[in-house]
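Please read the following note alongside the sequence and the structure.

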Amino acid sequence: MVRNGNFRKAAAERGISQGAISQHIKKLEILLGTQLVERTQQGCSPTSDGERLLPHAESLLRVNGRALNAIQRESVVVGASSNVGTYLLQPEIKAFLDRAGGRCDVELVIRRNPTVAEKLESGEVDVAVMEWWDGRPGCTAALWRREEMLVIVPPDHAWVGMPGIPPSLLCESQMLGGESGTGTGRLLARYFGDRAGGMRSAMSLGSTEAVKQWVKAGLGVSLVLAGSVERERRDGTLCAIPVEGEPLYKELYVVWRDALSPQSLSRRFAESLLVDD
């Protein structure tokens, strides 16, 4: 109804009568004690309370659709943090699908790390592949891989050619941040200790892709996952340099709900990541 703007089209889409749609909404309004839909001669639209209910209703529809798909065809919904889903997970999903021989589907949902964790808890995704895990109950987490963090600079930067970047230089530089919630700040605090507090953050740009463009323009330097700059390193548009001393690694995790059956497609997908790597 919200998508179509009137009850007639909504009824046709759902395969039920217009009266049944009206009755369902009326019962829900009585149950909640509030008006959800405003009706006018031009059509209908959600009230403010209806707008607040909408994302929850959409979530229920997605879960319902997944329940039906689970009966009709095997499928798995994978939630991935932006960096993992954009740069690292594609070959793993392709390999899994190739082994399945077209007998299953994999849907990839790319969101911020905290959102992926919430979707795993709510059942909207079956398996999560993330840049951190906070140990919340009801889930099992396993280390998927350790990805090195590298300093990226433009090809004409003074640091090009250095075997490693000292932490002191990083603290004196304009550091460009990407997406919030990736756990990079906690990683730096654990690795650099008190020196991490002295790092100057020039700007948080929202994504690694944005960070790479700003670094290319000479507007700062950044720390990124090695796998996120493979193309730029090959074509020479960015230089990636390790941190001096002990390599800086970020641990990436595969997480699934404990309730998953060991024979389920979702569990098999999660375990395929661990076997392959």
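This is a predicted model: local features need pLDDT of at least 70, side-chain atom pairs count only at pLDDT 80 or more; totals for chains, interfaces and linings use all residues.

**Note on strand pairing, cores and charged pairs**

1. Strands E5 and E11 pair in the antiparallel sense over four bridges; two strands are said to pair if DSSP finds at least two bridges between them. Strands (E, at least two residues) and helices (H or I, at least four residues) are DSSP runs, numbered from the N terminus. Within this pairing, Val129 stands opposite Val254 in E11, and Ala128 stands opposite Val255 in E11.

2. Residues are numbered from 1 along each chain as its sequence is written, and side-chain values use heavy atoms, with hydrogens and water left out.

3. As to the overall composition, the chain contains eleven helices and eleven strands. Of its 277 residues, 42% are buried. Here, buried means under 20% relative accessible area, exposed means over 50%, and partly exposed lies in between (1.4 Å probe, protein chains only). Among contacts with a separation of 6 or more, 72% are between residues 24 or more positions apart; a contact means heavy atoms within 4.5 Å.

4. Strand E5 covers residues 127–130. Val127 and Val129 point one way from this strand, Ala128 and Met130 point the other way, and all are buried. Strand E3 (residues 75–81) runs parallel to E5 and is joined to it by three bridges. In that pairing, Val78 stands opposite Val127.

5. Strand E11 also pairs with E6: nine bridges join the two, and they run antiparallel. Here Glu147 stands opposite Lys250 in E11.

6. The largest nonpolar core has 39 residues. A nonpolar core is a set of buried Ala, Val, Leu, Ile, Met, Phe, Trp, Tyr and Cys residues joined through side-chain atoms within 4.5 Å. Strand E6 (residues 139–153) gives the most to this core, with five residues. The residues with the most contacts inside the core include Val84, Leu89, Trp144 and Leu223. Leaving out residues up to four places away in sequence, Val84 touches Leu89, Val129, Glu131, Trp144 and Leu252. A second, separate core has twelve residues, among them Val109, Ala117, Val125 and Trp132. As general background, nonpolar side chains tend to be buried together in soluble globular proteins.

7. Which strand holds Lys250? Lys250 lies in strand E11, residues 249–257. Lys250 counts as buried because its relative accessible area is 3%.

8. The side chain of Lys250 makes polar contacts with two side chains: that of Glu131 at 2.8 Å and that of Thr184 at 2.7 Å. A polar contact is a pair of N or O atoms within 3.5 Å; within protein, one must be able to donate a hydrogen and the other to accept it, and residues adjacent in sequence count only if both atoms are side-chain atoms.

9. Lys250 and Glu131 also form a salt bridge, with the closest N and O atoms 2.8 Å apart. The pair links distant parts of the chain, since Lys250 is in strand E11 and Glu131 is in the loop between E5 and E6, 119 residues apart. Both Lys250 and Glu131 are buried. A salt bridge is a side-chain nitrogen of Lys or Arg within 4 Å of a carboxyl oxygen of Asp or Glu.

10. The structure holds eleven salt bridges. One of them joins the side chains of Glu124 and Lys119 (3.1 Å, N to O), and both of these residues are buried. Another brings together the side chains of Asp134 and Arg136 (2.6 Å, N to O). Asp134 counts as partly exposed because its relative accessibility is 44%, whereas Arg136 counts as buried because its relative accessibility is 19%. Salt bridges also link Glu209, Lys212, Arg231 and Glu232 in a network.
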